[in-house]
Amino acid sequence: MITRQRLAAGICALLATLTAGVAFPAGAVADETDSAASPKVELVLDVSGSMSAKDMDGGSRMAAAKQAFNEVLDATPEEVQLGIRTLGANYHGNDRKTGCKDTAQLYPVGTLNRTEAKTAVATLQPTGWTPIGPALLKAADDLNGGDGSRRIVLISDGEDTCQPLDPCEVAREIAAKGIGLTIDTLGLVPDAKTRDQLSCIADATGGTYTSVQHKEELSDRVGQLVDRAADPVVTPVATEGTAQCTSAPTLKSGLYTDREEFGKQRFYRVDVNPGQELRASVSVGADREVNSDYGVLLRAVTVHGREIVRGEGTGNGRTDVISTGLRYPKAESDDDNAPAETVCLQVTNSFSAASGVKTTPGLPLELTVDVVDGPSKASDVASFGLGRGWWLLGALVLTGFVAGLLWGWLSRWRLAVWRTN
């Protein structure tokens, strides 16, 4: 009896210790780790006087921005720490020196309280100047700390009015710090000068520029960029493809970035051993205004130019990135010393630049290369897209056959009973 009591007391003490450990220390460590690695995004909104222009689907640019922010705040992933900074929102006067200091954090970067953030956005009214450079510097400071990805999303409808602090130079300065911060820019009904400046800011940090003409486009694009911040961060390796396969760089498995001129092609080489499978995909981004109807072609060819397999994708102007991919399994060989096959990956695009748009530098390109062990058994090979699902298809066919026989027998039996009665 005494032994049982001691055993019960020991078990209770152990459970209490484990419960306390789980409830307090482990939780605290987890919170600190999650906070340190959480992706951070700051939305930087131009609230200058020009935002009152009513050319966004019959409403003002400011109204379109508020609607987009409300939709994005509702859809922001829980793991993303989000903040909002404004520029030109508070100073009503004509003093340029004072107006160029007009940037403030409307909502601090951190765990999102959707109601508070929406309430803050609702108070905004188009007011003052356009100090883009100072706002970017402050936004970079807002995002300091932590190991997660950091992204600034700048929405503006005009050029910076606070020169000589060039916002392009500010973006280059931020990139030179090596803090892994990306700036994406969106131009609301932009003119050529605004487009050039916002494109320059985005290019300096590896971000994207998007021209926006409609409310739905603004909501969709801002939502995409906030969601992208929550994706795992993989740093691509810069490479430089060539116009011919013979001089192309040889790539291993990994993620690569390059730039490709309008309507041109790039070649890369990959070595594939017998029994391996090459998987490749490519994405080409329209980081400036382009004509509608374009495409991207990814081909795997031999060194002599014979096509092995291809993948292609097309767009109609509604997306700023277009992707395609391919797979090529190399058959096994009985010769243990069989050499690897050099496969040439050819990337071709049919983008064309809109009138007045610079064609240099080329379009940003991301290439994913993965060389893996090929299937070792016949049952592993995908047949008609089913792979190991053949057994399930067979079971369904057999079940259907048996069910048909049973239904037919019941129908004949019911008919016989009806005739007898």
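Biologist: What share of the contacts with a separation of 6 or more in the protein chain comes from residues 24 or more positions apart?
Modeller: In this predicted model, residues 24 or more positions apart account for 74% of those contacts in the protein chain.

Biologist: And how many helices and strands does the chain have?
Modeller: The secondary structure comes to nine helices and 15 strands, and buried residues make up 41% of the 421 residues in the chain.

Biologist: What about the accessible surface, how much of it belongs to carbon and sulfur atoms?
Modeller: Carbon and sulfur atoms hold 54% of an accessible surface that comes to about 22900 Å².

Biologist: Switching to helices, at what angle do α2 and α4 cross?
Modeller: The axes of helix α2 (residues 61-75) and helix α4 (residues 114-122) cross at roughly 175° and come within 10 Å; because angles over 145 degrees count as roughly antiparallel, that makes α2 roughly antiparallel to α4.

Biologist: Which residues meet there?
Modeller: From α2 there are K66, F69, N70, L73, D74 and A75, which meet R114, A117, K118, V121 and A122 in α4, and the residues of this contact divide into six nonpolar, one polar and four charged.

Biologist: Now the open sheet, in what order do its six strands run?
Modeller: The order is β3-β2-β1-β4-β5-β6, with mixed pairing, and the edge strands, each pairing on one side only, are β3 (103-110) and β6 (209-212). Neighbouring strands of this sheet are turned by 15° against each other on average, with direction ignored.

Biologist: Is β2 parallel or antiparallel to β3?
Modeller: Strand β2 (residues 81-87) pairs with β3 in the antiparallel sense over five bridges, and R85 has Q105 in β3 as its bridge partner.

Conventions. Residues are numbered from 1 along each chain as its sequence is written. This is a predicted model: local features need pLDDT of at least 70, side-chain atom pairs count only at pLDDT 80 or more; totals for chains, interfaces and linings use all residues. Side-chain values use heavy atoms; hydrogens and water are left out. Axes are lines fitted to C-alpha atoms, for helices over the stretch in contact, and angles run from 0 to 180 degrees between N-to-C directions. Helices (H or I, at least four residues) and strands (E, at least two) are DSSP runs, numbered from the N terminus. Angles under 35 degrees count as roughly parallel, over 145 as roughly antiparallel, 65 to 115 as roughly perpendicular and the rest as oblique. Contact means heavy atoms within 4.5 Å. Ala, Val, Leu, Ile, Met, Phe, Trp, Tyr, Cys and Pro count as nonpolar, Asp, Glu, Lys and Arg as charged, and the others, Gly among them, as polar. Buried means under 20% relative accessible area, exposed over 50%, partly exposed in between (1.4 Å probe, protein chains only). Accessible areas come from the Shrake-Rupley method with a 1.4 Å probe; for residues, only the protein chains shown count as cover. Two strands pair if DSSP finds at least two bridges between them.
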